[in-house]
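I opened my notebook to look up a few residues. Here is what I wrote down.

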Amino acid sequence: MNVTGLRVLVTGGGSGIGRYLVERLVSDGAEVAVLELDQEKCVALSAAFPGKVQAWPCDVSDAEAVDATLQSITDSGFEPDALINNAGIIHSEPLVNMLSRGDRAHSRTNWQRVMAADLDSVFFVTSRVVDRMMAKRKKGVVISISSISANGNPGQSAYSAAKAGVNALTKTWAKELGALGFRFAAIAPGFIDTPSTRSALSDSTIERLQSQIPLRKLGDPESVYFAARHILENDYLTGTIVEVDGGLVL
Ligand code: NAP
């Protein structure tokens, strides 16, 4: 599959890694549709890439909103060849916060919010997009942005579980639909240098992390794009979880 001329649907393309993926896909000749929570980011995206990017406001953790927005996208004539499930929220919270004076146990509301944004969304969007691709007799590719936290990361119960679920779905779908020509893969980044990473982690934490990463630095969003392009272009790759982490999980 060649990126040039490809129609790619990207979730959460309004900022961070997703925004970078959109930019690079367009510069490599793809046409992109984006599902993004924030309406202003949608307006900014469509204005930044006129005729190349159409951005649709949509909460991908809301099944009905996903169905309605995907219908509008296909009604507009955009039939995706590939999907990148990137939207998600990074959340850290211990199972029991022993320093808290109030409710010490992990918030159930936060659990549900993270599972909805990071796992339900992947299921909601992929099921509908793949169904549509089948109806159009396409052999599509689905890439989901997971995380090395899927291996189990202390202080990230919900996030780790959601990303482990994303990896399981990737392998399940690769086995289920490979015979029809569909390919599924996930990218598991370590620490990527995005505004959300910088605002979530203090400078001293970033310094400490860097000393633990074999390559001694955070990853660039470009490293995630290179992995995505490799997955798109390599027709014999499916069910793979590509770690982009500077060697952190070795
Ligand atoms: P980010 O800068 O916060 O970007 C996430 C984007 O997704 C935002 O544009 C956000 O919109 C959108 N989004 C969130 N929930 C959504 C929803 N329910 N519906 C539609 N759009 C939604 O985060 P990032 O660092 O680029 O992370 C992108 C992906 O990479 C995530 O899946 C994350 O788990 C994964 N990841 C990141 C890192 C890292 O180091 N940055 C490492 C491992 C994995 P709003 O801004 O409007 O909320």
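I started with Cys-58. The model is predicted, so I am reading computed values throughout. Cys-58 has a relative accessible area of 5%, and I put it down as buried because the cut-off is under 20%.

Which cysteine sulfur is closest to that of Cys-42? I found that it belongs to Cys-58, 9.1 Å away, which is too far for a bond. A disulfide needs two sulfur atoms within 2.5 Å. I noted that Cys-58 is in no disulfide. My count for the structure came to 0 disulfides.

Then I turned to the loops. I looked up Arg-137 and found it in the loop between helix 4 (108-135) and strand 5 (141-145). Arg-137 is not a glycine, yet its phi is positive, about 55°. Is Arg-137 buried or exposed? I wrote down exposed, because its relative accessible area is 79%.

Arg-216 came next. I located Arg-216 in the loop between helix 7 (203-212) and helix 8. Its phi is near 60°, a positive value in a residue other than glycine. I recorded Arg-216 as exposed, at 52% relative accessibility. The cut-off for exposed is over 50%.

My last entry is Tyr-236. I placed Tyr-236 in the loop between helix 8 (221-233) and strand 7 (241-244). Tyr-236 counts as exposed because its relative accessibility is 82%. I also looked at Arg-183, 53 residues from Tyr-236 along the chain. The C-alpha atoms of Tyr-236 and Arg-183 are separated by 8.6 Å.

Notes:
Residues numbered from 1 in each chain as written. Predicted model: local features only at pLDDT ≥ 70, side-chain atom pairs only at ≥ 80, totals over all residues. Heavy atoms only, no water. Helix = DSSP H or I, 4+ residues; strand = E, 2+ residues; numbered from the N terminus. Buried < 20%, exposed > 50% of the residue type's maximum accessible area, 1.4 Å probe, protein only.
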